Amino acid sequence: MTWHDVAREDSFEEDVPKVVQVGEDRVAVFRLEDGFYAISDICTHEYALLSDGFCEDGKVECPLHQACFDIRSGKALDEPAEIDLATYPTRVEGGVVQFRL
Ligand code: FES
């Protein structure tokens with residue numbers, strides 16, 4: 001498992017994710033009111049980028065069929081998605097947000 005840099009902590013806007021591609025994994029990192037959270041950026045229903053979706057109240061809505069996921073836990077909250085998203089630990093090191101993959 002390796003820590004990957006995302007961006008400087010002060011460059012994040014709340015509810016606006018930053019996306020990092022690591023090999024075949026695409027990770028979206030969100031700043032919420034209580035910290036940073038990293039989830040898979042790919043919807044578990046079909047293929048859509050959650051970073052293109054609508055984010056509010058700690059949830060992100062898929063832009064394709066409007067499934068909703070909890071950003072903190074990755075839990076699929078609404079159909080048509082039934083599979084939870086992968087989540088990744090985050091930390092802030094020297095002012096830089098990182099996630100571990
Ligand atoms: S692709 Fe995300 S809900 Fe269908």
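D15 is found in the loop between β1 (3–8) and β2, and in this predicted model that residue has a phi near 70°, a positive value in a residue other than glycine.

- Most residues other than glycine have a negative phi, and most peptide bonds are trans.
- D15 counts as partly exposed, because 17 C-beta neighbours lie inside 10 Å, and its positive phi is near 70°.
- D57, which is not a glycine either, has a positive phi of about 55°, and this residue lies in the loop between β5 (54–56) and β6 (59–61).
- D57 is exposed, since 9 other C-beta atoms are found within 10 Å, whereas D15 is partly exposed.
- The peptide bond that leads from E79 to P80 is cis, with omega near 10°, and P80 belongs to the loop between β7 (68–70) and β8.

**Overall form**

- Read along the sequence, the chain follows the pattern β-β-β-β-β-β-β-β-β-β.
- The C-alpha trace of the chain spans about 40 × 30 × 20 Å along its principal axes.
- Of the 101 residues in the chain, 29% are buried.
- Among the contacts in the chain with a separation of 6 or more, 38% are accounted for by residues 24 or more positions apart.

**The four-stranded sheet**

- An open sheet is formed by 4 strands in the order β2-β3-β4-β8, and their pairing is antiparallel.
- At the edges of this sheet stand β2 (18–22) and β8 (87–88), each of which has a single partner strand, so one side of each is left without a neighbour in the sheet.
- Strands of a sheet pair through backbone hydrogen bonds, either parallel or antiparallel.
- Between β2 and β3, which run antiparallel, there are 5 bridges, and V22 stands opposite D25 in β3.

**The largest nonpolar core**

- In soluble globular proteins, nonpolar side chains tend to be buried together.
- The largest nonpolar core has 23 residues, of which V27, V29, A38 and F69 touch the most other members.
- Two or more residues are given to this core by each of the elements β3 (25–32), β4 (35–40) and β10 (96–100), and β3 gives the most, with 4 residues.
- V27, when its neighbours within four places in sequence are left aside, is in contact with V19, V20, V22, A38, S40, D41, Y88, F99 and L101.
- One of these contacts of V27 is A38, which is itself among the residues that touch the most other members of the core.

- Although R100 and M1 are 99 residues apart in sequence, they are 6.3 Å apart in space, C-alpha to C-alpha.
- Not counting residues up to four places away in sequence, R100 touches M1, T2, W3, Y88 and P89.

Terms used:
Residues numbered from 1 in each chain as written. Predicted model: local features only at pLDDT ≥ 70, side-chain atom pairs only at ≥ 80, totals over all residues. Core = buried A, V, L, I, M, F, W, Y, C linked by C-beta atoms within 7 Å. Buried ≥ 20, exposed ≤ 12 C-beta atoms within 10 Å, placed from the backbone. Contact = placed C-beta atoms within 7 Å. Pairing = 2+ DSSP bridges.
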